[in-house]
Amino acid sequence: MTSNLTALHPVVEQAVAFTEAFKRHRNDPPALREAACIRTQFPFLLGPIEPDDTVAGGWARDGRMVNVGSMWWAMMASERGPSKQGGYQFDFAAEKKWAATDADRDAIAELKAFWRDEYTCAKGQALLSAEHRTYACNRGQIAGGEACGFCVAIDVDKLVRLGVPGLRQAVADSRRRAEADGADTSLHEGFDIILDVFVEVCGHYEQQARALLNDATDEADRQRLVRIAESLSAIVERAPVTLHESMQLLWLYNLLASGKHIECFRIDVALGDALAGDVDAGRLTEEQATEMVLGLWHAWNRHGDPAVCRVVIGGRGRRNPANADRFCLAAMEASRRSHGRLPQLTLRFDKDQDPALMRKAFDVIGEGCVFPMLYNDDVNVPGTVKALNVPEADAEFYHPLGCGEYMLATMSPSLLNFGWSVPKSLEAALRGGVDAQGQPLGPSCPAINDDSTIEQLEANLRKQVAFSAELAARAHADNSRVLGQEAAFLWASLLTDDCLARGRSMMDGGARYPGACVMGHGFTNAGDALHAIRTLVFERREVKMSELMAALDADFEGYEDLHRRLVAVPKFGNDDEAADREVVDLWRMMSELCDAAGKRHGLPFLTLSSVNPGGYHMGTQCGATADGRRAGTPFAIGNAPTAGNDTRGLTALLNSLSKVDAANGGSASNVKLAKGLFQANRPKLDALFGVYWQRGGMQASVSVVDQAELVDAMEHPERYPHLLVRLGGWTARFVQLERVQQ
């Protein structure tokens with residue numbers, strides 16, 4: 001590696017230092033190698049305190065080339081485009097970003113050559129079976145699965161209650177037990193090192209705050225900087241006491257632990273006691289506390305990834321519901337004021353919760369804020385028990401990730417590396433395991449023809465689903481093994497059950513539940529298509545299978561009458577029992593096969609979600625489907641009907657959504673309401689959603705929009721910079737969407 005570091009771009013220089021540390025400690029235990037690499041990163045990767053920061057901590061604008069962590073969106077070595085990297089990560093687009101000189105280019109070339117084989121994703125890809133490469137990795141096939149990132153929500157309540165000294169003591173106690181048993185203590189050494197790094201980072205920012213204070217003349221600015229400096233000084237010496245101290249500790253540790261994927265489970269529990277203590281003691285007014293929370297929201301919006309970063313409040317199983325509820329109200333008010341895409345505030349609730357929280361939620365939503373998203377614990381907790389095979393006490397820790405996939409906060413890292421094009425599985429079932437061009441989609445089976453039965457189609461579909469579930473389970477199990485061998489994920493492992501008790505890192509047998517999730521796309525399209533085939537081909541016998549397949553091959557060109565008949569078959573989202581049952585049964589069958597495949601590969605659970613905007617992109621790679629969808633057009637997003645198919649109104653839509661089994665693994669149900677309707681009919685809407693929750697409604701992401709505003713925003717985007725909409729599992733500024741998405 002080049003030794004002329006002074007001539008390099010700072011990001012390149014840091015990448016060289018990181019790589020050299022990795023090489024020096026290559027044969028050390030994973031925790032010690034990782035700790036040595038982390039020492040090279042901080043505070044280098046961190047940016048300065050900004051003029052409007054309420055808490056210190058943020059990423060430097062220059063970015064990073066190499067990293068170790070749970071998830072990072074970066075360029076893959078195969079140059080397929082952005083993807084999720086877990087473990088040791090490298091940005092293979094580095095030359096485009098940081099090569100300012102020949103020395104930079106030479107150094108980056110050396111780094112790329114080294115990391116191409118050493119970065120963790122490459123080691124995971126090397127384990128992929130020939131079947132996986134044939135059926136899953138090719139563009140347009142059933143699924144992906146070659147990434148190895150994962151998501152985690154650490155125990156922020158434990159972090160705030162113990163503080164840094166308490167965590168040090170917990171590490172020391174665990175180390176003594178390990179030594180008494182003659183066990184390896186390298187993980188504990190790694191924990192001690194990262195806590196030292198955290199203290200150094202606090203000192204770095206405290207020094208910066210005091211330097212800025214010397215030049216500050218505005219009194220409000222001086223108070224802000226004094227508060228930051230004093231909180232940073234306090235949290236390295238003791239557990240936090242005030243709301244600001246607690247926020248500073250929670251934010252800065254989460255930032256270092258999570259990169260830009262900053263999930264936060266039950267922030268109301270972690271910060272509720274401090275907020276109540278400050279207000280009740282007269283140190284803060286309710287308004288000042290809300291403004292402080294708003295400042296924390298700005299940090300999330302500035303430094304988090306817009307597709308993720310859930311902050312969960314409310315729900316069953318909280319230790320301090322009265323104080324936590326006070327924080328919930330402040331959090332929702334902060335979201336109302338912020339107009340930001342982050343954090344993705346999520347309100348969990350149950351029938352016994354204070355009604356004031358739901359009233360506040362609808363007040364905020366009614367003003368055009370897409371947050372909070374609403375999750376029904378009376379349905380989701382029992383559903384999580386079944387989906388994740390866990391006791392109810394642990395199911396109360398379910399955490400919807402950025403797009404709505406369920407994981408268990410504080411006790412289960414969730415792998416999310418396998419997307420599933422459900423209509424492709426149906427296509428394989430119809431065509432005998434191939435697509436329209438004869439390319440393999442799955443195992444061979446008899447193609448469905450004019451003499452086939454619906455039972456044969458169902459058997460084919462089950463065979464295709466079981467095969468893809470097996471691919472997903474094996475890929476996730478292999479990824480888990482590689483991640484555990486390569487890295488200790490020290491920041492997250494320290495605050496994940498039961499890593500300290502077991503003396504093992506989270507991906508190496510330390511976490512309580514090493515599960516995974518498959519992200520499904522196009523469920524409603526596949527269900528509606530199957531229902532149309534069942535109705536027109538097998539029940540009414542109005543259409544021959546050969547005619548239907550010819551129409552699909554032609555993208556309905558020349559088959560306009562058949563297309564109209566397919567479209568006319570009842571669709572999911574209209575409270576039609578047969579149409580809804582098709583989607584519900586399909587998802588349940590796929591979930592059961594995924595769970596069985598996961599168990600065969602040592603995963604306590606492998607769930608199947610219906611979330612996020614992947615259906616938009618997967619739809620572009622899929623031919624026409626029998627629900628009337630034309631080739632290349634988007635799938636329905638999440639658990640929603642295809643746009644325009646729900647024709648019987650909001651009540652019918654909610655009734656359909658309430659039939660979906662909560663034991664599947666998470667869904668995203670986006671409900672868009674006209675602003676005028678919401679404002680004029682608020683009592684009726686409150687009652688309507690109350691019935692939806694009682695009937696089994698799991699979740700709702702409600703957007704209150706004005707259609708005229710949306711149309712005008714397409715023509716005059718400069719007028720609507722803050723107009724937000726929900727898309728399947730992420731929030732977007734409407735004016736930044738592609739035209740088709742708009």
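Colleague: Let's begin with the rings: how many aromatic pairs are there?
Modeller: The count comes to 26 aromatic pairs, where rings of Phe, Tyr and Trp (its six-membered ring) pair if their centres lie within 6.5 Å, and planes under 30 degrees apart count as stacked, over 60 as edge-to-face and the rest as tilted. Please keep in mind that this is a predicted model, in which local features need pLDDT of at least 70 and side-chain atom pairs count only at pLDDT 80 or more, while totals for chains, interfaces and linings use all residues. Residues are numbered from 1 along each chain as its sequence is written, and side-chain values use heavy atoms, with hydrogens and water left out.

Colleague: Which charged side chain lies over the face of Trp59?
Modeller: That is Arg64, at 5.1 Å from the ring centre of Trp59; a charge sits over a ring if NZ of Lys or CZ of Arg is within 6 Å of the ring centre and within 35 degrees of the ring normal. Lys23 likewise lies over the face of Phe114, at 4.9 Å from the ring centre.

Colleague: Which residues do ring pairs link into a cluster?
Modeller: Phe349, Phe362, Phe678, Phe689, Tyr692 and Trp693 are linked into a cluster by ring pairs.

Colleague: Changing topic, how many cavities of 30 Å³ or more are there?
Modeller: There are five cavities of 30 Å³ or more, and the largest cavity holds about 180 Å³ of space. On a 1 Å grid over the protein atoms alone, a cavity is a set of points where a 1.4 Å probe fits but cannot get out, and lining residues have an atom within 4 Å of a point. Grid points are joined across faces, edges and corners, and a volume is the space filled by probe spheres set on the points.

Colleague: What lines the largest cavity?
Modeller: The lining has 19 residues, of which Asn67, Val68, Gly69, Leu256 and Ala257 lie nearest the centre of the cavity. The elements that give two or more residues to this lining are α2 (30–39), β1 (66–75), α10 (243–258) and α19 (490–493), and β1 gives the largest share, five residues.

Colleague: How does that lining divide into nonpolar, polar and charged?
Modeller: It divides into eleven nonpolar, six polar and two charged residues, with Ala, Val, Leu, Ile, Met, Phe, Trp, Tyr, Cys and Pro counted as nonpolar, Asp, Glu, Lys and Arg as charged, and the others, Gly among them, as polar.

Colleague: Now the backbone; where are there cis peptide bonds?
Modeller: A cis peptide bond joins Phe371 and Pro372, with omega about 5 degrees, and Pro372 lies in the loop between α14 (355–366) and β6 (373–376). The bond from Asp497 to Asp498 is also cis, with omega near 5 degrees, and Asp498 lies in the loop between α19 and α20 (499–502).

Colleague: What about phi of Thr410 and Asp575?
Modeller: Thr410, although not a glycine, has a positive phi of about 70 degrees; Thr410 is found in the loop between β8 (406–408) and β9 (414–421) and counts as buried at 3% relative accessibility. Phi of Asp575 is near 60 degrees, also a positive value in a residue other than glycine, and Asp575, in the loop between α24 (560–568) and α25, is partly exposed with a relative accessible area of 30%.

Colleague: Which residues does Asp580 contact?
Modeller: Leaving aside neighbours within four places in sequence, Asp580 is in contact (heavy atoms within 4.5 Å) with Lys571, Phe572, Gly573, Asn574, Asp575, Ser656 and Lys659. Asp580 sits in helix α25 (residues 577–600) and counts as buried, at 0% relative accessibility.

Terms used: On a 1 Å grid over the protein atoms alone, a cavity is a set of points where a 1.4 Å probe fits but cannot get out, and a pocket is an open set with protein on both sides within 12 Å along at least five of seven lines; lining residues have an atom within 4 Å of a point. Helices (H or I, at least four residues) and strands (E, at least two) are DSSP runs, numbered from the N terminus. Buried means under 20% relative accessible area, exposed over 50%, partly exposed in between (1.4 Å probe, protein chains only).
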